[in-house]
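Please open the sequence and the structure side by side and follow along.

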Amino acid sequence: MAEVLPVYWYVIIAVLWLGYLALEGFDLGVGMLVRFWARDEPRRRVLLNIIGPVWEGNEVWLITAVGAMFAAFPFWYAAVFSTLYLPMLVMLFGLILRAVSIEYRGKAATDAGREIWTWTLGIGSFLAAFMAGVLLVLTTTGLPLDANGDRVGGPFVWVTGPALLGGLAVVGFSLAQAWAFIGLKTDGAPRRSAARFLSTWTPLAVLPLLVWAGLVVARGDRPWTWALLVLAVVAVAASVVAARAGREGLAFTSLTLVLVLAWTAIMVTQYPVVLPSTVDPQFSLTAQLASSGPYTLGLMAVISLIFVPIVLAYTGWSYWMFRRRLADTHIPEAHLVEPL
C-alpha cells in the first residue's frame, strides 16, 4: 500500500493541473481577448458575462493542485517554488490583476477608467497564463538542482528556451480554447468571428504545446506515448473541421482532448521522476523520495475520495446552470454613474 499511495497522488496532482489548464485556460484566454480581440464595448461585455459565473471557481483547481503538491510531495513543492518563486509571484500578480479588473471594470465612472481596467485585464490574464506555462514546463523538462534539491545559479536561472516554450504553449492553448468557448457560449457576430479565428489559428496556437510534449516524450523511454501525440494532432484537425462546420461543442471537446492527450504523454513519460535535475540526472526527485509518509498520504487519499467527487459534481452543475448562449442583444446599453 505504501508503494501505491505516491502513484495515486502523482495521478491526482496531474489531474488537478489538467483541470486547471483546461478550465482556467479558456477564461484566461477570454480575458486576453477582451482587450486584444473584441472591438467594441458590447462584445467585451458579452465575453465578460460568459466567464462571469465560472472564472472564480476555475481558480480553485490551481489552489488545490498546489496544496496537494505541498501535502503529498513536500520536497517536490519546496524545490519547485524555491527555484521558481519569481515566475510564481508574477503569475499570482497576474491573477490578482485579472480578478480586480473583472470586478472594477463595470464600476468605472468614465470611459477612460473602463479602458484602463480593460488593459489590466488583458495584461493580467496574459501574465498568469504565460507564467503558468513557465512553471509547468520547467517542472517537466528540468531545473538546475543539486543533490540537496537546492537551486544552482542565480534567481533568473529559469529564464531559458524551454521556459519561453512553456509560456507560449499555455498562452496559445488558452487563446484557442477561449475561441472555442466563445463559439459555444455566444450567438450572432461573436460566435461567427470566434469560429473563423478558431479554424484559422488553432494549429499555430497549439503547436508550442505539442512541441513541449514531443520534447518530453523524446527524452523518455516509453515509445508508445508517441501514439498519444499522434492522436493529439488528429484532435487538432478535428477541432478545425468542427469549427468550420459550426459544431462548437465538438470543437471545444476536441481542443480539450488535445490537452488531455499531450499532458498525459508528458506525465506518463515523466514518472517516476517528479522533477528532473539538469545538473545531474542522479539529483532528480522521484515520487517515492519526494513524498510524505504513508499515514499522511493515506489520510489525504480518504479525504480526496470523499470531497473530490463533490467538487466535480458542483462544478458540473454550475456549468449546466449557465449553459445558455449570450448575444450582443442580451447586453443592455452601457451607462455611466455620475459621482456625487
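## An aromatic cluster

Let's begin with the rings. Y10, F73, W76 and Y271 are joined by ring pairs into a cluster. Please keep in mind that this is a predicted model. Across the whole structure, a search turns up 18 aromatic pairs.

Most peptide bonds are trans. The bond from Y271 to P272, however, is cis, with omega near 10 degrees. P272 itself sits in the loop between α11 and β1 (273-275).

How far apart are the ring centres of F181 and F252, and at what angle do their planes meet? The centres are 6.0 Å apart and the planes lie at 50 degrees. That angle falls between the limits of 30 degrees for stacked and 60 for edge-to-face, so the pair counts as tilted.

The two partners come from separate helices: F181 belongs to α8 (residues 161-185) and F252 to α11 (residues 248-270). The pair therefore ties together parts that are 71 residues apart in sequence. Are these two residues buried or exposed? With a cut-off of under 20% relative accessible area for buried, F181 qualifies at 4%, and F252 does too at 16%.

Staying in helix α11, we come to S254. Its relative accessibility is 7%, so S254 is counted as buried. Which residues does S254 touch, once neighbours within four places in sequence are set aside? The contacts are A235, A238 and S239.

## How α1 packs on α13

Two packed helices are described by the angle between their axes and the distance between the axes. For α1 (residues 4-36) and α13 (residues 294-321), the angle is about 25 degrees and the axes are 11 Å apart. Angles under 35 degrees count as roughly parallel, and α1 and α13 are therefore roughly parallel to each other. The crossing of α1 past α13 is left-handed.

On the α1 side, the contact is made by L5, P6, Y8, W9, L23 and F26. On the α13 side, the contributors are P294, L297, G298, M300, A301, S304, L305, T315 and Y319.

Definitions and conventions. Residues are numbered from 1 along each chain as its sequence is written. This is a predicted model: local features need pLDDT of at least 70, side-chain atom pairs count only at pLDDT 80 or more; totals for chains, interfaces and linings use all residues. Side-chain values use heavy atoms; hydrogens and water are left out. Axes are lines fitted to C-alpha atoms, for helices over the stretch in contact, and angles run from 0 to 180 degrees between N-to-C directions. Helices (H or I, at least four residues) and strands (E, at least two) are DSSP runs, numbered from the N terminus. Angles under 35 degrees count as roughly parallel, over 145 as roughly antiparallel, 65 to 115 as roughly perpendicular and the rest as oblique. A crossing is left-handed if the near helix is turned anticlockwise from the far one by less than a right angle, and right-handed if clockwise. Contact means heavy atoms within 4.5 Å. Rings of Phe, Tyr and Trp (its six-membered ring) pair if their centres lie within 6.5 Å; planes under 30 degrees apart count as stacked, over 60 as edge-to-face and the rest as tilted. Buried means under 20% relative accessible area, exposed over 50%, partly exposed in between (1.4 Å probe, protein chains only).
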